[in-house]
Amino acid sequence: MKFPRFSAGSALALLGLLMVAVPTAQAWTGMGPKWPTNTNKYDKSGLPSNWQSVADYSAQQWTNVSPSPFTWTSDGASNNDLVRGNIDGGGRTLATTTIYYSGTRITRFVMKFDTSENWYLGSGSPASNQVDGRSVGTHEFGHAHGQGHAQTQYCSGSGSATLCPYYTMGSTWARSLETDDRNGINTLYP
Ligand SMILES: [Zn+2]
């Protein structure tokens, strides 16, 4: 049996508050279930080509983490689907990752990017009213391997963990993983 785990909990929302950043190595949270293997696949074939580049970049950020052996590879036969679709009509939720699991093992995920947002899909700088695909994709792939959000008291925008639950319009800081993000995947997949 497969059970949908969450969707709203995986959402990014707009940064609308100012908080003090407190450096820490323990802000990340696990979601419980994890993949039983260190090598896992995603299917980007349902995305337009410019979105496929975003998906590959986002997955690679987590594959690159050392010493964790966890690896994402693209495979059109995988049922870990990346899709575009309406979520909330351009509201605060930018993307969702729904995890399916059995016991303590993740069995599948579906990652959806909201078609109603004003996306920037390049590797340069988004405009101030755009949502950066690489930032949101990297965040969502963190959920896809089972990692939860960083605790909000440690999130202040630029320089914060990619798995902070808030995104700042026009920003790219979530493209790169921070120590807290890496600690999460290194702990889940040592
Ligand atoms: Zn999230």
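**Exercise 1: Helix α2**

Determine how many residues of α2 are buried, and compare the span of the helix with its expected value.

Solution. In this predicted model, α2 is mostly covered, with 12 of its 12 residues buried. A residue counts as buried if 20 or more other C-beta atoms lie within 10 Å of its own. After α2 comes G146, with a positive phi near 110 degrees.

**Exercise 2: The β6 and β7 hairpin**

State in which sense, parallel or antiparallel, β6 and β7 pair, and examine the turn.

Solution. Strands β6 (residues 95–102) and β7 (residues 105–114) form 8 bridges in the antiparallel sense. Within this pairing, T98 has V110 of β7 as its bridge partner. The hairpin leaves 2 residues between the strands, and G103 adopts a positive phi near 65 degrees.

**Exercise 3: A peptide bond**

Classify the bond between S66 and P67 as cis or trans.

Solution. Omega is about 10 degrees, and the bond joining S66 to P67 is cis. Most peptide bonds are trans. P67 lies in the loop between α1 (49–63) and β4 (71–74).

**Exercise 4: The whole chain**

Describe the chain by its elements, burial and contacts.

Solution. The protein chain contains 3 helices and 10 strands. Of its 190 residues, 41% count as buried. Among contacts between residues at least 6 apart in sequence, 74% join residues at least 24 apart.

How values were computed
Residues numbered from 1 in each chain as written. Predicted model: local features only at pLDDT ≥ 70, side-chain atom pairs only at ≥ 80, totals over all residues. Helix = DSSP H or I, 4+ residues; strand = E, 2+ residues; numbered from the N terminus. Expected span 1.5 Å × (residues − 1). Pairing = 2+ DSSP bridges. Contact = placed C-beta atoms within 7 Å.
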